[in-house]
Amino acid sequence: MTAVRRAGYAIAVTFWLLTALAALLTSQDFIYEQFLKPELLPPLAWFVRYWAAVATAAGLLWFMPRGLPASRPHASTWFTTISWAATVLAGWGGYSLAALTPGGTALTCAAIAAAMLVPIAIAEQPDARARVGEARARTAADFVACLLTAVMVTIIDGATVVMGNGSMSMTGAWLVARGPLLVGMVAFLVLTLVRGLGGWFSRPVVAEARGTVIMLGALFGWFISRVVLPSISIDGWQATVGGLLAGVAVALAITIRGVSRLENRDDGVASVLGSLAPRLAGRLPGFAAWCAVLAVLSFAVNDLTRAGDWNSIGARLGILVVWLLALGGAKRVVRMPGEGEPAVFLGFALLVLAAYAGIERMVGPGVQAQSPAARWTAELLTPVSADGPTALFDQLPRHTNVPSSHAVAAVQVDWAVLEGPPAAERPDIFVFVVDSLRRDYLSPYNPAVTFTPAIDAFARDSLVFSRAFTQYGATGLSVPSMWMGGPLLHKQYIVPFAPMNALARLLTHERYAQWVSMDNILDVILPATPALEPLDRQVPVRDFRLCRTLDEVRARLGDRPGGSPPVFAYSLPQDIHVSVITREGAGPVDGERYDGFYAPVASRVRRLDGCFGAFIADLKARGLYEKSIIVVTSDHGDSLGEEGRMGHAYTLYPEIARVPLIVRVPAAMRDRYVWDPQRPAYTTDLTPTLFRLLGHEPVPPRPFFGESLAALPGETRPPPRNRMIAASYGSVYGALLDGATRLYVADAIQRRELAFELGPGAVAGTAIPVTPALRRAGGDVIRATVEAIAEQYRFHPKPR
Amino acid sequence: MQSAGARLTGAAVVLAIYYWTLLASPAIALPDAAEARLQQDLQASVSLFNANRFAEALAPTERLVARWPDQARHHERLALIFQKLERPAEEARAWEAVMAASPTPVDACPMVAQAYQRANRADQELLALERCAALPPVNPDFEVLLGQALLRADRKTDARRAFERGLELDPAYPDLHLLLGVRQFDDGQLSQARESFERFLALAPDRRGEVVEWLVRTEPKR
């Protein structure tokens, strides 16, 4: 029965944690629009859909071993049961997860779900009060346990590095060891503090136990409020308070047995921390087995979080869990007969710090850590610069991910007065925005690429913009900005979007047949017109593939009767999106080797290149190639392992900001204009370019909008201006400076700055130090653009 | 230090020292002086170059090249600085570095060859032009320059082949017709030379005088 009870408890805690997570994700507009609505996270979608049934089942599994007559449940069990039942009934009554929409209700649901951990934990306490012994100083045992923990996690992390690289240098070993060593010493100091505080209470052992839970809660709270919540744009007091409360609830839920039973009657700290590891870890063979389990867990976490978006959050959660479980095992196995002199061990802690400082000076900066834990440590040990742009860091979150509850009216975006009959020359237009495609995975941008012969041949006929950038680092805002022709308010989305969709109006005016793959974004931003003939009907967004879409376009071209209106075909294939690759197992789709490239992406790029080549051949056979405008680009790049980074969710690095942009224009049309493929180009420049090519002289609605890639003969173009770019899902902004040869990034989530030099070669960028001049120039561009956008939308940010 | 208060105080003090050393003190983690100097070099190199202060721009640019040898743009700026300082041998070496580092090595053409020419390294000039002519994208300009360099080296047959290759790339390139015509004229193939001159004049009717000038320069050799 005990095992069933424990299983029921574990299921209950997991269920409410998942519920809190699902509600929390739903509360954010961009997650709801980009990930939940298109069901890009299938397990979570399943959980949400069947939440009420799962809740009932989990509730029964929890209650059965407690509610049976033989087990004589006490009052807190009944209280918890009633709370649970009321919550589930409310869910059945209409507030189930599936019915939630972004906003305050979802946040409240997340808070209720997290709060449910408390009554469950209280109900887990035994009726009888644990017998408590006399508290004793345990400085020696604490010190050795913390040191042992540091050694355990160093070995596990070092093994991860060696398995990945085959070897490890002395510097690498130091980078792996320094984090656990410092964390171990800090843990020892905190435990000494807790014991010291406990000594002031009448029942020191109980006070120690509660103090340890509060410390664990503070640690979880720090993690939730500083690592998890800012990554989904929840910050400020909401993040701090919510994170701390949730952290304490989680700490209580996972240590309640240790707190209430006090296995070590004279040691509250060991009782709580020891409950994180099984009893068998208290003996040496069992402890060895526990170490092996943690090693497997660590490798599994590394593997699972290797390729995902937001991978750093999962990886860091894994690191935290492994370190805590290691400490739990160490507290169980370490038994010291003597108490030790605290001053000696505090002196040891100081020695460790001095050794760290000395070795750090010898190693010097610039050496790259090679494991997730070592990288995280390096990040934590980077002090927040005192001269950083504090005001900018405070300002940017208020302009980012504006919630749907903050109503903002649409504004009219006009590039030209659209009147009169359609243009005499209306070429077919094909725009392929391959989600997450990096420029250095295409041979026109990187001579080392051998797997894109079709795009290479196409590029030789086309304009290859060597310095092309996305306006936004992820699809959510990149696509709308592309159709609009400029940056927009950081909100998903202002509705109706039609007044801002300049490209859609141009296509309607020019009477184009619109063959568009309708995804969750186009559903919102593209007004329905009779000219709209969706591609990829009935295909889930996550299954959009270029090959399938091109087959459909080719079939439609074949069926097109003479005299039909010209075609505008647009698709955002998901072939190489990080979520697709993760779901498909993060492996290559063929047996080829792609040395120097991330094979899962490279193999898929090869596949779509083949389909693109067939499409171009088909256009040529139909005599359409010479008469068409064809664009190959992407909505953003992607991190594919650079310094351990994957994906593009809320970061802005050169490999994310730079995109391919290859444009083919009919020869006669091309000759009428002046093109400069070396000039910085942006995805938002496509719309004004199409306006000009179709005979409508584009006038930027605001100075910060895009510009036509085609210049008029004799036109004196001003030097490329410094422009702002941004992440789509977080307050991370960038400024492209000096002809887009430098990128300054203000990361208001982690309150840090980065700078890169952007060379002409295949390497996207090289990190350079942030100087006052860069900070000033970049900050000015970002601030001015953000404020100009707010002014355009008459948006007044609310303080957070 | 056995009392709870003493332990508490001791741990708090050591924790405070940890905080100060690891997070609050700038002593350990700030970028080192070398990195900061490189950043200054970057700014100095660009701004001094733009201000035409080439001698002063040289030293910071050389340091940038040493730090980022795989970035062609620094090599390119260094080459241009040497060009302005009239140090052709070093200029040629810098252009060679551009060719090695750039994904589009043709960016260094034909400057690399011109630098060798100024350095009186005719052999290297020829080799450089041959490499330029072989690089994508094909460019008939390089065949013109190669042919002219071959003429200076008195390799007239090779020069003629270069002009013919250039015309295969761009049959509407007037200078190539002129240069080929002169070669044909020099070789005694008068009817072919006449055709070449006629094509040249058809493509560039306002450059009639150049034919005469070439013929005058060629005639005494016959």
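Guide: Start with an open sheet of 5 strands in chain A, ordered β13-β14-β15-β16-β17, with antiparallel pairing. Its edges are β13 (723–726) and β17 (766–767) of chain A, and each pairs on one side only. Some terms first. Strands are DSSP runs of E with at least two residues, helices are runs of H or I with at least four, and both are numbered from the N terminus. Two strands count as paired if DSSP finds at least two bridges between them. This is a predicted model, in which local features need pLDDT of at least 70 and side-chain atom pairs count only at pLDDT 80 or more, while totals for chains, interfaces and linings use all residues. Residues are numbered from 1 along each chain as its sequence is written, and chains are lettered from A and ligands numbered from 1 in the order in which they are written.

Strand β16 (752–757) of chain A pairs with β17(A) in the antiparallel sense, over 2 bridges. One bridge sets F756(A) against A767(A) in β17(A).

Now the other sheet. This open sheet has 6 strands of chain A in the order β2-β9-β6-β1-β5-β4, and its pairing is mixed. The edge strands, β2 (463–464) and β4 (513–516) of chain A, have a single partner strand each, so one side of each is left without a neighbour in the sheet. Take an antiparallel pair: β6 (628–633) and β9 (661–664) of chain A are joined by 4 bridges. There, V632(A) is opposite I662(A) in β9(A).

Next, focus on β5(A). Of its 5 residues, 5 are buried. A residue is called buried if 20 or more other C-beta atoms lie within 10 Å of its own, exposed if 12 or fewer do, and partly exposed in between; the C-beta atoms are placed from the backbone. V567(A), A569(A) and S571(A) point one way from β5(A), while F568(A) and Y570(A) point the other way. The pairing is parallel with β1 (428–433) of chain A, over 4 bridges. In that pair, F432(A) is opposite S571(A). With β4(A), β5(A) also pairs in the parallel sense, over 4 bridges. Here Q514(A) stands opposite F568(A).

In α20 (502–509) of chain A, 6 of the 8 residues are buried. They are A502(A), L503(A), A504(A), R505(A), L506(A) and L507(A). Their cover includes α19 (475–484), β4, β5 (567–571) and α27 (686–693) of chain A. Just past α20(A), R511(A) has a positive phi of about 60°.

Step back to the domains of chain A. The bounds come from an automatic or database domain assignment. Domain 1 takes in 133–203, 224–231 and 264–382, and domain 2 runs over 428–792. Over C-alpha atoms, the centres of these two domains of chain A are 44 Å apart. They touch through 11 residues of domain 1 and 13 residues of domain 2. Contact here requires C-beta atoms, placed from the backbone, to lie within 7 Å of each other.

Chain B has domains too: domain 1 (37–137) and domain 2 (139–222). Their C-alpha centres lie 31 Å apart. In chain B, 11 residues of domain 1 and 9 residues of domain 2 make the contact. On the domain 1 side, the largest share, 7 residues, comes from helix α7 (122–134) of chain B.

One helix of chain B is worth a check. α10 (174–186) of chain B has 13 residues and should span 18 Å at 1.5 Å a residue; its end C-alpha atoms are 18 Å apart, which agrees. The expected span is 1.5 Å times one less than the number of residues. In α10(B), 10 of the 13 residues are buried, including L176(B), H177(B) and F185(B). After α10(B) comes G188(B), with a positive phi near 80°.

Finish with the largest nonpolar core. It has 295 residues, and A23(A), L117(A), A253(A), W95(B), V112(B) and L129(B) touch the most other members. Helix α9 (170–198) of chain A gives the largest share of this core, 14 residues. Such a core is a set of buried Ala, Val, Leu, Ile, Met, Phe, Trp, Tyr and Cys residues joined through C-beta atoms within 7 Å. Leaving out residues up to four places away in sequence, A253(A) touches V13(A), L117(A), I120(A) and A121(A).

Methods
Contact = placed C-beta atoms within 7 Å.
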